[in-house]
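Reader: Can you walk me through a few spots in this one? I'll jump around.

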Amino acid sequence: MTALAGTGTGTLTRLALRRDRLTLPVWALVTGGLVASGPGSLGGLYDTAAARAELAASMTANSSMRSLYGPVFSDSLGGLVAWRFGTFGAVLAAVASLIVVVRHTREEEETGRQELLSAGAVGRRAPLTSALLAALALNAAVALLVFAGLAGQGAAGALALALAIGGTGMVFATVAALAAQFTESARLAKGIAGGALGLAFVLRAAGDSGDASGGSALTWLSPVGWAENVRAYGEERWWVLALIAAAVAAQTALAYGLAARRDVGASFLATRPGPAAGRLATAGALALRLQRGALLGWGAGFLLGGLVFGGMAEGAADLVGDNEKAREIFERMGGQAALTDAFLATMVSLFGMLAALYAVGAVLRAHTEETSGRAEPLLAGSLGRLRWAAGHLVPAFGGAALILLAAGLGLALGFGGSYGPVLGAALAQLPAVWTLAGVATLLWGALPRAAGAGWAAAGLCLALGWIGPALNLPQAVLNVSPFAHLPKLPGPEPTWTPLLALTALAAALTAAGLAGLRRRDLQV
């Protein structure tokens, strides 16, 4: 019976890898490349043992920096790379892993494709197994890139960090596998798994903020904290990897047990049917209802993040000290000579790039409604395509403005400064956010099979904006991102020309996408 339950695993795994033949390599290169680039970027900034020791001491003594990156366990170059990039590498691996698993489990069931496959020679465990194997392939590739990039700093430390990052990815791959059993919606499954990841990061941050040794009980409650406590390049704790492996094994076994007890397409938390009249009587109201949970979640996260980063703004000058190269990075990202303004501008820019991910996801929700077949009954009546599409685009474009306002409000409250300049700086990110949302609209409307490339465009801009200045990439490369053309605020008076040009470009891209939607057949 067990052997029959796994029938078709190889075929489904090959199908999953083929479908993600572009996405998986990009995620692996971005995540592994981010960590592997660490020796080059940090080695140029802190090129002497004394400079590295001073950085390690100052970062360990700063509770705000510990909450963001964790404590420093070694002042070697490898130890600083593990400190600076280890946590974010683990988070990126976790995000990629949960997306992959939900895509090949709950999303397949939601669209009905899994039911068609299950009508053939496919065992009950095969879909979940193939999804986890795809996630394993992704995390193995990330681990290999990390190890290859850091082996020159010490093979033992490189192996420890590679396994910690890849292991964290698998922990959240199995969290996603569990989430997929409890909800009928792929979007909600991603939200549950993403919420678990956010909670893990907050627990680790809270624990590290109060304990410079990484030994806080809150840190140990977090899988992200486990990765930190492997202590790569700092007297490695190999036994922590056994804790990660045990969590993966336990969650996998539980996911298999739950999957065996439900029908294809069903879930343990059934979706409650909503009313078909009143506030949901129009296409726009229905779209807003579908997007409401994501909008509230992003808004709350941006407000909280703004409060945290705003509280760190006053200490920005102390964080870089007299290191001119570190000051250069802040000024390249923030664009102002005053480090406090540069720090706030950097954080506003980061929130803008993250808001682009929300906007792209909200636009592509309409694509999901189309491919799942739910849009066709709506459009079979008197509802026009443009009205239906507008119902999804309004929460995407307008919601981006709301969550950026939440981030600006959080920054202003945390910083304790004037609200006008900070809120204005947050809203100045909108033209670039809307441009990427326009790209997603164009792809969905004119090239629906390539709609997923909207995520790639947003991810590329995030990588260029966050990692590019630290790697000292040429300005011509950075200019690929629309965020590179925005005025760096708060600071002097803004330059309105790029804001207006990007807004016009966003409008043109959106109009072209809607024109394409009107002319093509629905994709189901």
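Reader: Where is Gly 234 found?

Author: Gly 234 is in the loop between α14 (223-229) and α15 (239-259). Keep in mind that this is a predicted model.

Reader: Is Gly 234 buried or exposed, and why?

Author: Gly 234 counts as buried because its relative accessibility is 11%, and the cut-off for buried is under 20%.

Reader: Which residues does Gly 234 touch, not counting those up to four places away in sequence?

Author: Phe 73 and Ser 74.

Reader: How many of the α23 residues are buried?

Author: 13 of the 17, so α23 is mostly covered.

Reader: How do the axes of α21 and α23 cross?

Author: The axes of α21 (residues 385-415) and α23 come within 10 Å and cross at roughly 155°. The two helices are therefore roughly antiparallel, since angles over 145 degrees count as such. The crossing is right-handed.

Reader: Which residues make the contact?

Author: From α21, the list includes Trp 388, Leu 393, Phe 397 and Leu 404. From α23, it includes Val 433, Trp 434, Ala 437, Thr 441 and Trp 444.

Reader: Take Thr 441 then. Buried or exposed?

Author: Thr 441, in helix α23, counts as buried because its relative accessibility is 0%.

Reader: What does the side chain of Thr 441 reach?

Author: The backbone oxygen of Ala 437, at 2.9 Å.

Reader: And what is Thr 441 in contact with, leaving aside neighbours within four places in sequence?

Author: Val 363, Leu 393, Phe 397, Thr 510 and Gly 513. Leu 393 and Phe 397 are also on the α21 side of the helix contact.

Reader: Last one, Glu 109. Which helix does it lie in?

Author: Glu 109 lies in helix α8, residues 106-111. Glu 109 is buried, because its relative accessible area is 15%, against a cut-off of under 20%.

Reader: What does the side chain of Glu 109 join in a polar contact?

Author: The side chain of Arg 262, at 2.8 Å. The C-alpha atoms of Glu 109 and Val 264 are separated by 6.6 Å, although these residues are 155 apart along the chain.

Technical notes. Residues numbered from 1 in each chain as written. Predicted model: local features only at pLDDT ≥ 70, side-chain atom pairs only at ≥ 80, totals over all residues. Heavy atoms only, no water. Helix = DSSP H or I, 4+ residues; strand = E, 2+ residues; numbered from the N terminus. Buried < 20%, exposed > 50% of the residue type's maximum accessible area, 1.4 Å probe, protein only. Polar contact = N/O pair within 3.5 Å; in protein donor to acceptor, adjacent residues only side chain to side chain. Contact = heavy atoms within 4.5 Å. Axes fitted to C-alpha atoms, helices over the stretch in contact; angles between N-to-C directions. Parallel < 35°, antiparallel > 145°, perpendicular 65-115°, else oblique. Left-handed = near helix turned anticlockwise from the far one by under 90°.
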